[in-house]
Amino acid sequence: MGMEEETLAADGSAHYRLRCGPEHEGGPGVAHGGWISGVFVEIVGHLAVQMEQLAVTGALSVTYRKPVPINRPLTARAWLAGKDGGKWTVEGSIHLASSGTELAHATALLVEREMSHYTRAREWLGREEAGSDGTA
Ligand SMILES: CCCCC/C=C\C/C=C\C/C=C\C/C=C\CCCC(=O)SCCNC(=O)CCNC(=O)[C@H](O)C(C)(C)COP(=O)(O)OP(=O)(O)OC[C@H]1O[C@@H](n2cnc3c(N)ncnc32)[C@H](O)[C@@H]1OP(=O)(O)O
């Protein structure tokens, strides 16, 4: 996803240096929105891993404030905004490194899981495909 450096701050927030390469260009000179969303999924999910908790993204809301330029130094951060049992609200932002201006912001709902999440996902897929008549 173009991450170049990650640092953890004393307050638990994660800080990144990154850059969007030309392979993720979505318009002349600017990033595809899917790359921006992908960066957010990565950094909010990684925050949970850093806190030694496996969690998956249940919902993600992205506000695209300004076009994100390709081939420019960017910064990003992710931080825990709230916790309600096994549900975490994690926020993230992406900034132009040169000015610090926020280009995009995200709010994510992470749901705590055990590793059995992936076993159950495979079992669910097996049932789903066994029950399919191939017309869907
Ligand atoms: C030491 C541990 C770490 C181990 C790490 C191991 C390997 C990791 C390796 C590398 C990782 C590296 C970096 C990580 C960086 C990025 C990771 C990317 C992660 C992803 O790329 S992730 C992919 C996209 N993601 C999905 O693939 C999820 C698909 N989806 C589901 O799997 C289910 O949909 C699920 C589980 C989300 C919910 O399933 P569910 O509903 O059955 O769960 P459950 O009942 O437990 O819900 C509990 C409470 O959350 C509420 N709730 C749930 N979803 C909600 C929603 N959308 N909105 C509002 N509330 C919601 C319920 O209402 C309930 O609320 P309440 O408790 O109040 O009733």
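In what order do the elements of the protein chain run from the N terminus on? In this predicted model, the order is β-β-β-β-α-β-β-β-β-α. The count comes to 2 helices and 8 strands.

The overall dimensions may be considered next. Taken along the principal axes, the C-alpha atoms of the protein chain fill a box of roughly 55 × 40 × 25 Å. The protein chain has 136 residues, of which 27% are buried. Among contacts in the protein chain with a separation of 6 or more, 60% are between residues 24 or more positions apart.

Strands of a sheet pair through backbone hydrogen bonds, in either a parallel or an antiparallel manner. Here, 6 strands form an open sheet with antiparallel pairing, in the order S1-S2-S6-S7-S8-S5. Strand S1 (3-8) and strand S5 (55-64) stand at the edges; each has a single partner strand, and therefore one side of each is left without a neighbour in the sheet. On average, neighbouring strands of this sheet are turned by 20° against each other, direction ignored.

S5 pairs with strand S8 (residues 102-112) in the antiparallel sense, over 9 bridges. Within this pairing, Thr 63 has His 105 in S8 as its bridge partner. Helix H1 (residues 33-50) packs on the sheet. The strands that helix H1 touches are S1, S2, S5, strand S6 (74-84), strand S7 (87-96) and S8. The direction of helix H1 makes about 140° with that of S5.

Gly 21 is found between strand S2 (14-18) and strand S3 (25-27). Leaving aside residues up to four places away in sequence, Gly 21 touches Ile 70 and Asn 71. Gly 21 and Asn 71 are 50 residues apart in sequence, and their C-alpha atoms are 5.7 Å apart in space.

How values were computed
Residues are numbered from 1 along each chain as its sequence is written. This is a predicted model: local features need pLDDT of at least 70, side-chain atom pairs count only at pLDDT 80 or more; totals for chains, interfaces and linings use all residues. Side-chain values use heavy atoms; hydrogens and water are left out. Helices (H or I, at least four residues) and strands (E, at least two) are DSSP runs, numbered from the N terminus. Buried means under 20% relative accessible area, exposed over 50%, partly exposed in between (1.4 Å probe, protein chains only). Contact means heavy atoms within 4.5 Å. Two strands pair if DSSP finds at least two bridges between them. Axes are lines fitted to C-alpha atoms, for helices over the stretch in contact, and angles run from 0 to 180 degrees between N-to-C directions.
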